[in-house]
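Keep the structure open beside you as you read.

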Amino acid sequence: MENDVQKKQEERKHPGVERVYKNDQIAIYWEPSLCIHVGNCFRGLPKVFDPQARPWVAVDADTADRIARVVETCPTGALHYERLDGGTQESIPAETTIDARPNGPLFIHGPLKIIEVGGHVIREDTRAALCRCGHSENKPFCDGTHRLIGFKTTK
Ligand code: SF4
Ligand code: FES
């Protein structure tokens, strides 16, 4: 019973997970529909995150600690991890902050819950990128279209 509840919560937290890369220390969850190719992952640990390789995540190429720190820099929530070795899980900041990116989306960091009409929870997370150009095909999330249309927030 408890497992069912946990599974439901996990599905709600990561509704679009398509891939899991794991070893004994860490599982990395990947939700491609949320990735806008910011590149923090492959700039942070290019041996682990290589978009040209298959699989693109080499979970054994570095330590679980270092991989976890880089996953936490993914601003969209496309990447998450779960420590399987008793290591520290991602911490939840006490406050939620919104970073309005120049010519781009709103990066949200902190406890967040996105609900739609009727109260259905479509996302509960600690990282997300929300569209503010109005042209994303994946609203309320940014899908990178702001770059294609040359969205400008300043003159
Ligand atoms: S850091 Fe996140 S959004 Fe950026 S490329 Fe990596 S997975 Fe995609
Ligand atoms: S801000 Fe990125 S698609 Fe709108």
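## Two hairpins in a row

Strands E4 and E5 form a hairpin with 5 residues between them, and asparagine 103 in the turn has a positive phi of about 60°. Helices (H or I, at least four residues) and strands (E, at least two) are DSSP runs numbered from the N terminus, and two strands pair if DSSP finds at least two bridges between them. E4 (residues 97–100) and E5 run antiparallel and are joined by 4 bridges. Within this pairing, aspartate 99 stands opposite phenylalanine 107 in E5.

E5 (residues 106–115) also pairs with E6; the two run antiparallel, with 8 bridges between them. Here isoleucine 108 faces alanine 128 in E6. E5 and E6 again make a hairpin with 5 residues between them, and the turn holds glycine 118, with a positive phi of about 95°.

## About the model

This is a predicted model, in which local features need pLDDT of at least 70 and side-chain atom pairs count only at pLDDT 80 or more, while totals for chains, interfaces and linings use all residues. Residues are numbered from 1 along each chain as its sequence is written, and chains are lettered from A and ligands numbered from 1 in the order in which they are written.

## The overall layout

The protein has 4 helices and 6 strands. Along the sequence they follow the pattern α-β-β-α-α-β-β-β-β-α. Of the 155 residues, 25% are buried; a residue is buried if 20 or more other C-beta atoms lie within 10 Å of its own, exposed if 12 or fewer, and partly exposed in between, with C-beta atoms placed from the backbone.

Two residues are in contact if their C-beta atoms, placed from the backbone, lie within 7 Å. Among contacts between residues at least 6 apart in sequence, 46% join residues at least 24 apart.

## The largest nonpolar core

A nonpolar core is a set of buried Ala, Val, Leu, Ile, Met, Phe, Trp, Tyr and Cys residues joined through C-beta atoms within 7 Å. The largest one holds 27 residues, and Ile28, Ile67, Val71 and Leu79 touch the most other members. Strand E2 (26–30), helix H3 (64–71), strand E3 (79–83) and strand E6 (121–130) are the elements that give two or more residues to this core. At least three core residues come from each of domain 1 (2–83) and domain 2 (97–148), with bounds taken from an automatic or database domain assignment.

## Around ligand 1

Which residues are around ligand 1? They are Cys35, Ile36, His37, Val38, Gly39, Asn40, Cys41, Cys74, Thr76, Ala78 and Leu79, where a residue is near if its C-beta atom, placed from the backbone, lies within 6 Å of the molecule. This shell divides into 7 nonpolar, 4 polar and no charged residues. In this count Ala, Val, Leu, Ile, Met, Phe, Trp, Tyr, Cys and Pro are nonpolar, Asp, Glu, Lys and Arg are charged, and the others, Gly among them, are polar.

Threonine 76 sits in the loop between H3 and E3, and this residue is buried because 25 other C-beta atoms lie within 10 Å. Beyond neighbours within four places in sequence, threonine 76 contacts Leu34, Cys35, Ile36, Val38, Arg127, Ala128 and Ala129. Alanine 78 lies in the loop between H3 and E3, and counts as buried because it has 24 C-beta neighbours inside 10 Å. With neighbours within four places set aside, alanine 78 contacts Trp30, Glu31, Pro32, Leu34 and Cys35.

## Backbone details to look for

Most residues other than glycine have a negative phi, and most peptide bonds are trans. Histidine 37 has a positive phi of about 60° although it is not a glycine.

One joins arginine 54 and proline 55, with omega about -5°, and proline 55 lies in the loop between helix H2 (40–44) and H3. Another joins lysine 139 and proline 140, with omega about 10°; proline 140 lies in the loop between E6 and helix H4 (145–148).
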